[in-house]
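Subject: Structure for your review

Dear colleague,

Please find below the structure that I would like to hand over to you.

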Amino acid sequence: ELTPNLPIVSEETVNLKIKNKAKIFWLIDPIDGTKEYIAGKDEYTLNAALVIDAVPIIGLVGVPKKNRLFYTYGPGESFLIENEKTKKKINCEKQQPKGKIVALSSIIKPSDIILNKLKEFNVTKIVKMASSYKFCVIATGEYDIYAARERANEWDYAAGHAVAQNAGAIIKTL
């Protein structure tokens with residue numbers, strides 16, 4: 001209702017044969033982590049991002065089974081609402097003990113390229129986690145790094161990308 005003239009792009013509506021030329025659009029993924037959702041697991045997410053000039057600026061990531069809602073509307077403005085009441089600003093402040101660096105991975109055994117990159121950062125442990133939730137728990141500081149080969153589509157990570165980046169995370173390609 002607030003942005004009736006902005007296009008909405010999602011996995012369910014996109015035609016991959018047609019290039020999206022919109023400078024501003026909503027990028028929606030109603031369920032990221034479909035396998036987890038179907039299996040009754042708790043790491044699937046509901047995602048919406050406002051993308052301006054190919055950069056996700058506003059992001060909203062709901063994690064229903066964990067009672068967590070992450071959102072952002074600009075640099076330094078990322079937040080977490082837990083159990084529908086506790087709201088706190090998030091800024092990637094490290095929660096792991098000093099000297100412990102915990103990485104996230106979408107798969108149990110990351111490729112050698114990813115493992116070598118994680119070694120560069122002295123990662124002490126790798127935890128498997130699904131969906132855009134990975135970006136959000138980096139934004140809270142619960143985990144330290146996520147490295148993966150590109151395999152997802154924009155709607156899979158745009159909202160989480162906005163939350164993490166606006167919380168202070170550094171997001172780069174290999």
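The protein has four helices and 10 strands; helices (H or I, at least four residues) and strands (E, at least two) are DSSP runs, numbered from the N terminus. Please note that this is a predicted model, in which local features need pLDDT of at least 70 and side-chain atom pairs count only at pLDDT 80 or more, while totals for chains, interfaces and linings use all residues. Residues are numbered from 1 along each chain as its sequence is written, and side-chain values use heavy atoms, with hydrogens and water left out.

Overall form

Along the sequence, the elements follow the pattern β-β-α-β-β-β-β-β-β-α-β-α-β-α. The radius of gyration is 16 Å, close to the 16 Å that the globule rule gives for 174 residues, so the protein is as compact as a globular protein of that length. This radius is taken over C-alpha atoms, and the globule rule is 2.2 Å times the number of residues to the power 0.38. The C-alpha trace spans about 50 × 40 × 35 Å along the principal axes of the protein.

The accessible surface comes to about 10700 Å², and 55% of it belongs to carbon and sulfur atoms; such areas come from the Shrake-Rupley method with a 1.4 Å probe, and for residues only the protein chains shown count as cover. Of the 174 residues, 40% are buried. Here, buried means under 20% relative accessible area, exposed means over 50%, and partly exposed lies in between (1.4 Å probe, protein chains only). Among contacts (heavy atoms within 4.5 Å) between residues at least 6 apart in sequence, 50% join residues at least 24 apart.

The sheet

Seven strands form an open sheet with mixed pairing, in the order β1-β2-β3-β4-β5-β6-β7. Two strands pair if DSSP finds at least two bridges between them. The edge strands are β1 (8-10) and β7, each of which pairs on one side only. Neighbouring strands of this sheet are turned by 20° against each other on average, direction ignored.

Several of the pairings can be followed in detail. Strand β4 (residues 55-63) runs antiparallel to β5, with five bridges joining them, and G59 stands opposite T72 in β5. Helix α4 (residues 154-167) packs on the sheet and touches β1, β2 (24-32), β3 (45-52), β4, β5, β6 and β7. The direction of α4 makes about 100° with that of β4; axes are lines fitted to C-alpha atoms, for helices over the stretch in contact, and angles run from 0 to 180 degrees between N-to-C directions.

Strands β5 (residues 68-72) and β6 (residues 78-82) are antiparallel and are joined by five bridges; the bridge partner of F70 in β6 is L80. Their hairpin has five residues between the strands, and in it G76 takes a positive phi near 75°. Strand β6 also pairs with β7 (residues 86-90), in the antiparallel sense and over five bridges, with E82 opposite T86 in β7. The hairpin of β6 and β7 has three residues between the strands, and N83 takes a positive phi near 50° there.

Which side chains make polar contacts with that of N47? N47 is placed in strand β3 and is buried, with a relative accessible area of 5%. Its side chain makes a polar contact of 2.9 Å with that of T45 and another of 2.7 Å with that of S132. A polar contact is a pair of N or O atoms within 3.5 Å; within protein, one must be able to donate a hydrogen and the other to accept it, and residues adjacent in sequence count only if both atoms are side-chain atoms. Not counting residues up to four places away in sequence, N47 touches several residues, including L27, D29, L60 and A159.

N166 is found in helix α4 and counts as buried at 9% relative accessibility. The side chains of N166 and T72 are joined by a polar contact of 3.0 Å. Beyond residues up to four places away in sequence, N166 also touches G76 and S78, among others.

A130 lies in the loop between β9 (125-128) and α3 (133-139). At 7% relative accessibility, A130 is buried. With residues up to four places away in sequence left out, A130 touches E36 and E43. A130 and Y73 are 57 residues apart in sequence and 24 Å apart in space, C-alpha to C-alpha.

Yours sincerely
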